[in-house]
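The entries follow in the order in which I looked things up.

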Amino acid sequence: MRRGFIFTLDAVFAASILLIALAAISLEFYTPSQTFWLPTMGNSLMTALDKSGVFDNIFQQSDAQAQTTLTSYLASLPPNVNANITVKIYHGSGSTFTLSRTITAIKGVPDPNHETTVKRIFNKVDGSYFGLSEMVLSYG
Amino acid sequence: MHKGQVVTLDLIFALVIGMAVFFALNHEWGIAIQKSYDYTERNSAEIAAHSIALSLISSKGYPEDWNRTTVRVVGIAKNLDVIDGKKFNELMALPNASLGDLLGASEFRIMINMTSRAGATINATGLAPANYSILSTALSFVSFNNNVSKLYVTVWK
């Protein structure tokens, strides 16, 4: 250290680290907490689709019709939400179920680093088919 | 340094840097405190909005056959996410003054509205947000008259 040098390079370095730490802490408060509620929204849409009979109708629809139906429901999500839904229909025969159809609908591309997934199982009244729906959502 | 000089150029330089760092830290600290306060307020509004929405769509209320005069706890569900039309109408008829207390959010003002999937208003109650500092809206999808509808619960103050 040179004579008369009160503020050393070490002190400037320490103060810089402190400032960066403070900035990082304050930036943390900008993290959107809404992500926490995304699964709730996704689950409520899946439940409403099931209980309004939309999933049940898919059993009678062609793949193209089902895709159009699902796309129209995804469109009712808020504009800042991207999502895709995949519905797999399984057919039961005896004690085994085999995958018979897969229908996918898309609204934007969910961010893989911040996406959340919700699932719901539904079945046809006569028990010969059941469906597994999986929705991936993220803010985008 | 000249003889008899108390304040050196180095000292002035150090004081200037020291004060700049101090004011920068002080400013950052103030911002951090304010953000912390805003975050807490926003968080409590989000929790209130989502709790009220969840309670409405998952509970039948109390008494189970409540109406606008007998209501103790508001719930408008037949089953989870399936809305009882009669109770929904009773909810819409509740006075704004008691809505916050009944829904457990007296700290906030509340607006509840239901729309079709496409966004056409079915019915609404409560106070529309005005001059607010904090606002949070919870969106839930529900089955209403066998149609997928949207229930918005907005809390604000």
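Helices (H or I, at least four residues) and strands (E, at least two) are DSSP runs, numbered from the N terminus.

I noted that this is a predicted model, in which local features need pLDDT of at least 70, side-chain atom pairs count only at pLDDT 80 or more, and totals for chains, interfaces and linings use all residues. Residues are numbered from 1 along each chain as its sequence is written, while chains are lettered from A and ligands numbered from 1 in the order in which they are written.

**Sheet.** In chain A I found an open sheet of 4 strands, ordered β2-β1-β4-β3, with antiparallel pairing. Because β2 (96-107) and β3 (116-123) of chain A are at the edges with a single partner strand each, one side of each has no neighbour in the sheet. I then looked up β1 (residues 81-93) of chain A, which 11 bridges join to the antiparallel β2(A). His91(A) has Thr98(A), in β2(A), as its bridge partner.

**Helices.** I counted two residues as in contact if their C-beta atoms, placed from the backbone, lie within 7 Å. Axes are lines fitted to C-alpha atoms, for helices over the stretch in contact, and angles run from 0 to 180 degrees between N-to-C directions. Helix α2 (residues 38-51) of chain A lies across β3 and β4 (129-139) of chain A, at about 20° to β3(A).

**Chain contact.** I recorded 32 residues of chain B in contact with 27 residues of chain A. On the side of chain B that touches chain A, α1(B) gives the largest share, 18 residues.

Conventions. Two strands pair if DSSP finds at least two bridges between them.
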